[in-house]
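Please look through the sequence and the structure below, and then follow the paragraphs with both in view.

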Amino acid sequence: MKRCDFVDWMKAVGMFLIVFGHFFGDPFNQFTQPILPKQLGVAMFVFIMGWGLGKVTKDKLSVSYSRLFPMFFWGIIIAVFISGISLLAIDNPSISNYSPFVFGVNVIFDGFPANPTTWFIGTYFHIILLWAILFHRIHVTPQILFCSLLIEIIIRSYFIGNETIFIAYMTVPNWLTLFLLGMYMCQRKDQPNSKGLTVIGVIWAVFLVSWALVLNEFNVTQRFPFKNIEIISHSVNAVLTSVAVSVVYLANTLFSIAVFSRIKAGRIVRFFSRNTIIVFIGHMPLYFVLEPIVRLVFPSGWPKRLCIVLIMYIGLSWLSELLHKWIKVDSIKKWGWEKITQFVPKLAKP
């Protein structure tokens, strides 16, 4: 299958936004409120999931296995590594890091695991599971997208109003329309040339600035993972916040597709694109190890944060590249599927 430039761009840029967003806040946060810029990175990944799975018409079980295996493989290795370090340092094995691997049970708790980015593994598992059971049967239409948007807003509003904001963020409904949008646009390909790139880029920039100017006029209070738009009553504020979250997710994802489908992805972009799993799961634990060292050179401020971002993004990508050369994950994955289908032959049937 021919690689799509916009997919590689969205993975590379999405991963950068996630790492960057963990160490830089204002003035960038105002452009995506009530969410944070790093959450746009997750939105891009969810869209790409839908885009890739939307083209799959058979072998859904083997495809689900192939998708989940590398995420669980690296996730468990990193969780074990963190447990070892934590036991030595603070006499705590950080058990919560394993909850995403137990059927994604972490999403029912109103908080992140000790390694915060592992929350996505639970959500990833649920999306793949729902696709294998239900979504692969659905031909996504604009009407279905509209219904999913309503469902998404209502359920997210409920959790926001109920002050269980982490659950609102981690559960599938928060990402439902983005995933289905990816399935709906699964035949989307790169543009043949860069025609219109400047115009679309300018419109995207105008949208971001306009969004910040409009939202800055309202009382948007600090909260995580969603800020809170406070205008009227508690319940109405929850609905307004939920609507704004969907608008920011969808608008910026569509803009990113329009822009990146017009730019060729070179070797550097593809390098970062293929190394996202380890960077995603590993950058926060590495931060806790390296921060005291970086602080010796850059005590505080933007130089310190920029140094950390470069180490997290570039350094971890290189480490990921080396690990993938040393550890043949695809061979292990193939061996595992062969063993599974030997025990349960029915799973091998398309």
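**Salt bridges and a threonine**

Glu 163 counts as partly exposed because its relative accessibility is 43%, where buried means under 20% relative accessible area, exposed over 50% and partly exposed in between, with a 1.4 Å probe and protein chains only. This is a predicted model, in which local features need pLDDT of at least 70 and side-chain atom pairs count only at pLDDT 80 or more, while totals for chains, interfaces and linings use all residues. Residues are numbered from 1 along each chain as its sequence is written, and side-chain values use heavy atoms, with hydrogens and water left out.

Glu 163 forms a salt bridge with Arg 223, the closest N and O atoms being 3.5 Å apart; a salt bridge is a side-chain nitrogen of Lys or Arg within 4 Å of a carboxyl oxygen of Asp or Glu. The structure holds nine salt bridges. Another of them joins Asp 5 to Arg 270, with 2.9 Å between the closest N and O atoms, and this pair links distant parts of the chain, since Asp 5 lies in helix H1 (residues 5–23) and Arg 270 in helix H10 (residues 267–273), helices being DSSP runs of H or I with at least four residues, numbered from the N terminus. Asp 5 is buried, at a relative accessible area of 5%.

Turning to a threonine, Thr 123 lies in helix H4 (residues 119–133) and is buried, with a relative accessible area of 0%. The side chain of Thr 123 reaches the backbone oxygen of Met 170 at 2.6 Å.

Definitions and conventions. Helix = DSSP H or I, 4+ residues; strand = E, 2+ residues; numbered from the N terminus. Polar contact = N/O pair within 3.5 Å; in protein donor to acceptor, adjacent residues only side chain to side chain.
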